[in-house]
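Consider how a protein model surrounds its ligands. The sequence and structure are shown here.

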Amino acid sequence: MKRKKITIVGAGNVGATCAHWAAAKELGDIVLIDVAEGIPQGKALDLMQAAPVEGYDSIIIGTNDYEDTAESDVVVITAGMARKPGMSRDDLLNINAGIVRSVTEQIVKYSPNAYILVVTNPVDVSTYIAYKTSGFTPNRVFGLSGVLDSARFRTFIARELNVSFEDVTSFVLGGHGDDMVPMVRYTYVGGIPVEKLIPRDRLESMVERARKGGAEIVNYLKTGSAYYAPSASVMQMAECILKDKKRILPVSAYLQGEYGETDVFAGVPAIIGGNGVEKVIELDLNDEEMTALKKSINSVRNNIAKLG
Ligand SMILES: NC(=O)c1ccc[n+]([C@@H]2O[C@H](COP(=O)([O-])OP(=O)(O)OC[C@H]3O[C@@H](n4cnc5c(N)ncnc54)[C@H](O)[C@@H]3O)[C@@H](O)[C@H]2O)c1
Ligand SMILES: O=C(O)C[C@H](O)C(=O)O
């Protein structure tokens, strides 16, 4: 049986760290591709030279040639510009939209059976572009949003209670933007509703911190944005496909009537397995939650409208 093949487009902070997590998890052979000469080649060679130390049998190559990516099973798109302090993710739309479109055209040419996971911001619109450009069925194109955002929310809760990160479950609905919707009502700590363990005002402050979680790190780093948690998050999504895990994860998925929405990507809970987005799960939302979700999705629609 052949090893799985994973292509990561963009060998920058997120892409190279994706390769790191993929190798460490031994998810398959890895191709790191970038437009920058030397960067993917150097990072891939360095990562492969860690294999004898770490014991992962992944062949990792860096390239500038899409022919090397042919017949990939999963392709992760991280190509594009990251924001700087004072910018919103939406400010990246004009420069990144064309990159996502051109990258997707190459993916379709060389890996027509691949699953495409999109990271590039603004991610819901980027995923919409990748979906429309690819012509793939919607289960095969989805984006990184809620896995990262809920990981941040879960982190804040675990630290507040000094409990294992593993015992905090939650998810975030809506676009991957400042109006995302962390779902307190569906957040549990070891099966206990979080509202029984943390006062409402503290929870609200954690919700706000999660909403601004990306900017918090951008403001520390100054020259770019987060990449350890984002890359771990998207590679968890990739792992669910590659191992047919059927995990329920919050991802930016194509809505076809769910939550009363069509022809848009937004963060929703979905079963992720060997067929990608196997089912979008519709939750019973109260009026406040539905209003917040609609507001967040409208922000995504406003960005899609800018594509012309
Ligand atoms: N969805 C999320 O939750 C999430 C999380 C983190 C980062 N991001 C986004 O991911 C993107 C990458 O972030 P980063 O920190 O890795 O940035 P980075 O600048 O470190 O890396 C981006 C890489 O893309 C490459 N690139 C540019 N155009 C390309 C093209 N046409 N083909 C191939 N490669 C190309 C650049 O050469 C660079 O190496 C940004 O848009 C960022 O906002 C999204
Ligand atoms: O915040 C960013 O610009 C990157 C990413 O969307 C994040 O949430 O870390």
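The paragraphs below go through the surroundings of the two ligands in turn.

The model is predicted. Ligand 1 takes up the space that is the largest pocket. Its shell holds 25 residues, of which N13, V14, D34, M81 and V119 come nearest. By type, the shell around ligand 1 splits into 15 nonpolar, 9 polar and 1 charged.

From a side chain, an N or O atom of N121 lies 2.9 Å from an oxygen atom of ligand 1. Taken on its own, ligand 1 has 860 Å² of accessible area, and the protein covers 85% of that. The helices α1 (13–24) and α4 (93–110) each give two or more residues to the shell around ligand 1, with the largest share, 3 residues, coming from α4. Domain 1 (5–143) and domain 2 (146–306) both contribute to this shell, so ligand 1 lies between them.

Ligand 2 also sits in the largest pocket. Around ligand 2 are R83, R89, N121, L148, R152, H176, G214, S225 and A226, which divide into 2 nonpolar, 4 polar and 3 charged. Polar side-chain atoms approach oxygen atoms of ligand 2 at 2.7 Å from R89, 2.7 Å from R152 and 2.6 Å from H176. Alone, ligand 2 exposes 260 Å², of which the protein buries 94%. Domain 1 (5–143) and domain 2 (146–306) each supply at least three residues to the shell around ligand 2.

Key:
Residues are numbered from 1 along each chain as its sequence is written. Chains are lettered from A and ligands numbered from 1 in the order in which they are written. This is a predicted model: local features need pLDDT of at least 70, side-chain atom pairs count only at pLDDT 80 or more; totals for chains, interfaces and linings use all residues. Side-chain values use heavy atoms; hydrogens and water are left out. A residue is near a molecule or strand if one of its heavy atoms lies within 4 Å of it. A polar contact is a pair of N or O atoms within 3.5 Å; within protein, one must be able to donate a hydrogen and the other to accept it, and residues adjacent in sequence count only if both atoms are side-chain atoms. Accessible areas come from the Shrake-Rupley method with a 1.4 Å probe; for residues, only the protein chains shown count as cover. On a 1 Å grid over the protein atoms alone, a cavity is a set of points where a 1.4 Å probe fits but cannot get out, and a pocket is an open set with protein on both sides within 12 Å along at least five of seven lines; lining residues have an atom within 4 Å of a point. A molecule sits in a cavity or pocket if more than half of its atoms lie within 2 Å of its grid points. Ala, Val, Leu, Ile, Met, Phe, Trp, Tyr, Cys and Pro count as nonpolar, Asp, Glu, Lys and Arg as charged, and the others, Gly among them, as polar. Domain bounds come from an automatic or database domain assignment. Helices (H or I, at least four residues) and strands (E, at least two) are DSSP runs, numbered from the N terminus.
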